[in-house]
Amino acid sequence: MKDKVRGKSTVSRDIVLILALAVVGLGLLLAMQLGGRAGAYAVVELEGSEIARYPLDCDGVFVLNGGTNTLEILGGKARMLHAECPDKLCVKMGWVRFSGQSLVCLPERISVRIVGGRSSVDVVN
Amino acid sequence: MKTREIAETGLLITLAMVLSYVESLIPAFVAIPGIKVGLANIVVVYALYRLDFKHAFLISLLRVLLSALLFGTVLTLAYSAAGAFLSLVGMSILKRTGLFGTTAVSVSGAVLHNLGQIAVAAALLGTGALFYYLPFLIISGVVTGVVIGLVSAMLIRRVGKGREDCNGSD
């Protein structure tokens with residue numbers, strides 16, 4: 001069959017392309033892990049505009065967006081404690097603590113982003 | 001369109017929708033928005049190889065539209081339409097180069113699907129926060145793309161057999 005002949009000759013190119021994509025993904029992941037430094041604030045955004053900002057060194061539970069989501073900050077980490085949406089993905093994401101990490105609740109259009117950090121206080125990022 | 005084409009396209013749309021539904025029953029196994037196995041992509045890859053771009057596009061479009069109406073929301077429609085469109089165009093271009101096989105085409109489709117989804121979600125949310133998940137989405141696209149690609153390749157090889165006989169009889 002024609003397909004079979006063609007299929008055989010493309011296998012090595014397939015592997016190269018798949019490995020290349022995997023390397024890009026793993027490289028990005030590694031770069032982000034290595035660049036991870038403890039954040040200073042949890043910035044809450046509703047549809048892209050900042051609605052609140054909580055310092056990570058003050059523990060507490062905060063009601064967001066009129067009660068659709070609840071954010072917990074404890075010992076420099078933040079997590080979504082509660083969400084009204086059905087999938088609860090943001091709750092399942094667990095704790096975030098590094099600058100650049102985020103908790104996103106697509107159905108409620110709310111996101112919590114960790115920003116700043118000890119070493120970035122006097123560095124513009 | 002010939003009657004046979006209409007019947008086959010309709011059947012494939014139904015199959016893609018059933019697979020979308022089955023997938024919606026599987027709870028998210030990773031807490032990252034947009035990560036899915038992409039079972040319906042088996043049908044799209046099959047259509048791209050066994051039929052053509054036009055049919056694959058029609059199947060993909062109607063699958064996304066009908067699934068969003070039945071199981072989703074307007075928001076999920078926007079994400080999945082962008083992902084499905086980017087994925088199909090990318091797969092079609094890669095297939096047309098003739099350099100790659102079904103698996104690489106499917107992997108690129110899966111990765112592009114995730115990229116399209118995250119881009120639209122980020123634009124709608126007006127935040128770059130989602131791009132934190134980009135590496136996870138690329139890696140998951142590679143893994144699911146390989147699985148979907150191997151299954152599709154098997155189907156393309158086996159289901160195609162006997163078509164000629166059928167055509168001859170009517």
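Predicted model: local features only at pLDDT ≥ 70, side-chain atom pairs only at ≥ 80, totals over all residues.
**Chain B as a whole**

The secondary structure of chain B consists of seven helices and zero strands, so that its elements, read from the N terminus, run α-α-α-α-α-α-α. Of the 170 residues in chain B, 49% are buried. Among the contacts in chain B with a separation of 6 or more, 75% are made by residues 24 or more positions apart.

**The interface between the chains**

Where chain B meets chain A, 36 residues of chain B are in contact with 30 residues of chain A. About 2900 Å² is buried between chain B and chain A, and carbon and sulfur atoms give 73% of that area. The count of salt bridges between chain B and chain A is zero, while four residue pairs are found in polar contact across this interface, both residues of each pair being at pLDDT 80 or more. On the side of chain B that touches chain A, α4 (74-97), α5 (102-125) and α6 (134-159) of chain B each supply at least two residues. The residues of that side of chain B divide into 28 nonpolar, seven polar and one charged.

**A:Asp14 and B:Thr102**

One place where the two chains meet can be followed residue by residue. A:Asp14 is found in helix α1 (residues 2-34) of chain A, and B:Thr102 has its place in helix α5 of chain B. A:Asp14 counts as buried because its relative accessible area is 7%, which is under 20%. B:Thr102, with a relative accessible area of 15%, is likewise buried because this value is under 20%.

Leaving aside residues up to four places away in sequence, A:Asp14 touches B:Phe100, B:Gly101, B:Thr102, B:Thr103 and B:Ala104. Within this group, the backbone nitrogen of B:Gly101 lies 2.7 Å from a polar atom of the side chain of A:Asp14. B:Thr102, with residues up to four places away in sequence again not counted, touches A:Asp14 and also B:Val45, B:Tyr49, B:Gly149, B:Ser152, B:Ala153 and B:Ile156.

**Two hairpins of chain A**

Strand β3 of chain A is joined to strand β4 of chain A by five bridges, and the two strands run antiparallel. Strands β6 and β7 of chain A also pair in the antiparallel sense, over four bridges. Each of these pairs forms a hairpin with four residues between the strands, as stated for β3(A) and β4(A) and for β6(A) and β7(A). The table sets out one bridge and one turn residue for each hairpin.

| Hairpin | Bridge partners | Turn residue with positive phi |
|---|---|---|
| β3(A) and β4(A) | A:Val61 and A:Glu72 | A:Asn65, about 55 degrees |

Note on methods. Residues numbered from 1 in each chain as written. Chains lettered and ligands numbered in written order. Heavy atoms only, no water. Contact = heavy atoms within 4.5 Å. Buried area = accessible area lost by both parts, 1.4 Å probe. Salt bridge = Lys/Arg side-chain N within 4 Å of Asp/Glu carboxyl O. Polar contact = N/O pair within 3.5 Å; in protein donor to acceptor, adjacent residues only side chain to side chain. Nonpolar A, V, L, I, M, F, W, Y, C, P; charged D, E, K, R; others polar. Pairing = 2+ DSSP bridges. Buried < 20%, exposed > 50% of the residue type's maximum accessible area, 1.4 Å probe, protein only.
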